[in-house]
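Please look over the sequence and the three-dimensional model below.

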Amino acid sequence: MTASNPPRDESTTLPGPGAHLDSTAHIMNRISSQLARQLSLVSLDGRRRPEPPALVVVAHGSRDPRALSTVRALLDEVRELRPALPVHLGHIELNEPLLPDTLAALGDREAILVPLLLSRGYHIKRDIPEMAAESPVRARVAGALGPHPLLVEALYTRLVEAGWRTRMDEPTRRSSAVVLAAAGSRDPESKVDTSRTAQLLANRLGVPVIPAYATTAAPTVPDALRALATRGRTRVAVASYFTAPGRFATESAQAAPWIASAPLGTHPAMASLLLHRYDQMAATPVTTAPELASA
């Protein structure tokens with residue numbers, strides 16, 4: 001399922017002199033794109049290439065409608081980067097399509113499931129592989145998106161967009177810090193992954209970055225902010241380590257004493273990272289059972 005653009009109302013405006021040319025160019029671009037997609041399925045000797053495994057992006061799901069629209073827009077970016085790749089969406093809970101329904105629609109074809117999740121945890125280790133095992137799909141399950149330098153690039157960009165200064169004098173640097181606000185998990189490996197991302201971001205920014213959590217794990221975002229204040233770090237930004245808008249991202253941003261960045265959302269690095277995890281799994285040997293890729 002993809003997000004669609006609303007139809008443009010042309011009834012109140014007259015076409016300009018280049019309208020016909022623009023329309024013709026648009027049609028030709030669509031034809032070229034479709035032709036390229038068809039040619040990609042045929043090898044040089046004329047034989048049809050095997051269809052690649054479908055990419056199933058597995059999102060958590062959220063009651064916030066902005067989350068679903070963000071995920072759909074992100075999948076559109078993935079499709080633009082890889083036009084010949086079948087891209088599907090499945091949710092663990094709360095939103096449709098649910099992952100079991102997406103897998104059922106694929107029948108017994110081969111698919112690679114890439115979780116839209118930033119760290120290891122119960123969903124990646126148990127929920128997603130179990131759903132895959134109960135379907136006829138020949139599925140392989142990739143690892144979490146993080147930690148990865150592409151995520152750090154997205155976090156950095158979002159902070160700069162929120163007002164983070166890329167250059168600062170030494171007194172400003174000594175009073176600055178970042179709280180990396182994540183969802184949280186009872187799985188200790190999730191905290192390891194988030195801490196590694198925080199260290200990579202700290203290396204990029206040149207200031208301390210403290211991981212904190214919106215639920216389940218400690219420290220909480222307010223606790224991390226207080227701890228930094230006692231160390232003289234009063235110019236503190238909250239970096240939103242969430243894939244899309246939602247309650248946790250909103251609550252974390254509201255706790256920020258200074259600036260808070262937007263969720264990672266449709267940053268180009270996210271689409272690239274989803275395809276990177278897909279390619280990693282596609283390069284691994286096929287097994288008869290769902291297999292979890294290493295991060």
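Q: Which residue's side chain is joined to that of R120 by a polar contact of 2.8 Å?
A: A polar contact is a pair of N or O atoms within 3.5 Å, where within protein one must be able to donate a hydrogen and the other to accept it, and residues adjacent in sequence count only if both atoms are side-chain atoms. This is a predicted model, in which local features need pLDDT of at least 70 and side-chain atom pairs count only at pLDDT 80 or more, while totals for chains, interfaces and linings use all residues. Residues are numbered from 1 along each chain as its sequence is written, and side-chain values use heavy atoms, with hydrogens and water left out. At 2.8 Å, the partner of R120 in this side-chain contact is D193.

Q: Where does R120 lie, and is R120 buried, partly exposed or exposed?
A: R120 is placed in the loop between β3 and α4 (122-133), where helices (H or I, at least four residues) and strands (E, at least two) are DSSP runs numbered from the N terminus. Buried means under 20% relative accessible area, exposed over 50%, and partly exposed in between, with a 1.4 Å probe and protein chains only. Because its relative accessibility is 26%, R120 counts as partly exposed.

Q: How far apart in space are R120 and S190, C-alpha to C-alpha?
A: Contact means heavy atoms within 4.5 Å, and, leaving aside neighbours within four places in sequence, R120 is in contact with K125, A144, E189, S190, V192 and D193. S190 has its place in helix α7. Although R120 and S190 are 70 residues apart in sequence, their separation in space is 4.8 Å.

Q: Is S190 buried or exposed?
A: With its neighbours within four places in sequence left aside, S190 is in contact with S119, R120 and S185. Its relative accessible area is 4%, and therefore S190 is classed as buried.

Q: Which backbone nitrogen does the side chain of S185 reach?
A: S185 is found in the loop between β5 and α7. Not counting residues up to four places away in sequence, S185 touches G121, S190, T215, T216 and A217. Its side chain also reaches, at 3.1 Å, the backbone nitrogen of D187.

Q: What is the order of the open sheet of 3 strands, and which are its edge strands?
A: Two strands pair if DSSP finds at least two bridges between them, and in this open sheet the order is β6-β5-β7, with parallel pairing. Each edge strand pairs on one side only, and these are β6 (209-213) and β7 (235-240).

Q: What angle does the direction of helix α7 make with that of β6?
A: Strand β5 (residues 176-182) pairs with β7 in the parallel sense over 6 bridges, and L180 stands opposite A239 in β7. Axes are lines fitted to C-alpha atoms, for helices over the stretch in contact, and angles run from 0 to 180 degrees between N-to-C directions. Helix α7 (residues 188-205) packs on this sheet and touches β5, β6 and β7, its direction making with that of β6 an angle of about 150°.

Q: Why is one side of each edge strand left without a neighbour in the sheet of 4 strands?
A: The open sheet has the order β2-β1-β3-β4 with parallel pairing. Strands β2 (87-91) and β4 (138-141) stand at the edges, so one side of each is left without a neighbour in the sheet, because each has a single partner strand.

Q: Which residue in β4 stands opposite I112?
A: Strands β3 and β4 pair in the parallel sense over 4 bridges. Across this pair, the residue in β4 that stands opposite I112 is R140.

Q: At what angle do helix α2 and helix α10 pack?
A: Two packed helices are described by the angle between their axes and the distance between the axes. In the contact, L74, E77, V78 and L81 in α2 meet P268, M270, A271, S272, L274 and L275 in α10. Helix α2 (residues 65-81) and helix α10 (residues 268-282) have their axes 9 Å apart, and the angle is about 65°.
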